[in-house]
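Visitor: Hi! Could you walk me through this one?
Guide: Happy to, let's have a look together.

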Amino acid sequence: MVKKTRDRFIEVARSLFARKGVENTTMNDIAAASDKGRRTIYTYFKSKREIFNAVIESESDDLLQNLSSIVNKPISPEQKLRDYVATRMETMRQIVSRNGSLRAGFFRDVRKVDRARSVISKKEIKMLMRILHEGVALRVFDIPDIKEMAIIITNSIHGFDVPYIRNNLTEYGIDKSDMSRMISDLILNGVRVRELPE
């Protein structure tokens, strides 16, 4: 019952945020639309920011499941990195696109996006570390500090979210599939073992 009530609040909040915007939605709105009292919502969430983060975390479950399935695939670490980048970017585009005014907030408020991202970034970093560890173990990647590299790669990919979602590099002749491939190539060129010249 507790999980059902909490999940109901999250779903109602997601719907209201998408329709009215985060700024225009109050905790009272969420409680009323959930057919629950205001006290009940505060039992589960201390603030609108906390419920917003829960909405983002819930929306991100798809992303984390998709990325996890890539990490566990029986394919080369190079291919995992390529698939990881492509899947992460496309899933983020879908999450942002289907959430109405969350989408507007995503583009308008970088701090809010960063706070929301922090909820899942640590999980993304851990998954990426698994791929990088595998590549190092197979001697196809040369990475002195795997954790630092995973942090840098994760944050670099995050930096491409807005251009990818907006598809605004087409003016340079770069579409989304080109962008995903180029980012993967950039990352792979930075971590691959280099052949020594003879």
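**A charge over a ring**

Guide: Lysine 176 lies over the face of tyrosine 164, at 5.9 Å from the ring centre; the rule asks for NZ of Lys or CZ of Arg within 6 Å of the ring centre and within 35 degrees of the ring normal. This is a predicted model, where local features need pLDDT of at least 70, side-chain atom pairs count only at pLDDT 80 or more, and totals for chains, interfaces and linings use all residues. Residues are numbered from 1 along each chain as its sequence is written, and side-chain values use heavy atoms, leaving out hydrogens and water.

Visitor: Okay, new topic: is histidine 158 buried or exposed?
Guide: Histidine 158 is buried, with a relative accessible area of 5%. Buried means under 20%, exposed over 50% and partly exposed in between, using a 1.4 Å probe and protein chains only.

Visitor: And which side chain does histidine 158 join in a polar contact?
Guide: That of glutamate 124, at 3.2 Å. A polar contact is a pair of N or O atoms within 3.5 Å; within protein, one must be able to donate a hydrogen and the other to accept it, and residues adjacent in sequence count only if both atoms are side-chain atoms.

Visitor: How far apart are the C-alpha atoms of histidine 158 and serine 121?
Guide: They are separated by 9.3 Å, while the two residues are 37 residues apart along the chain.

Visitor: What about phenylalanine 17 and phenylalanine 52, buried or exposed?
Guide: Both phenylalanine 17 and phenylalanine 52 are buried.
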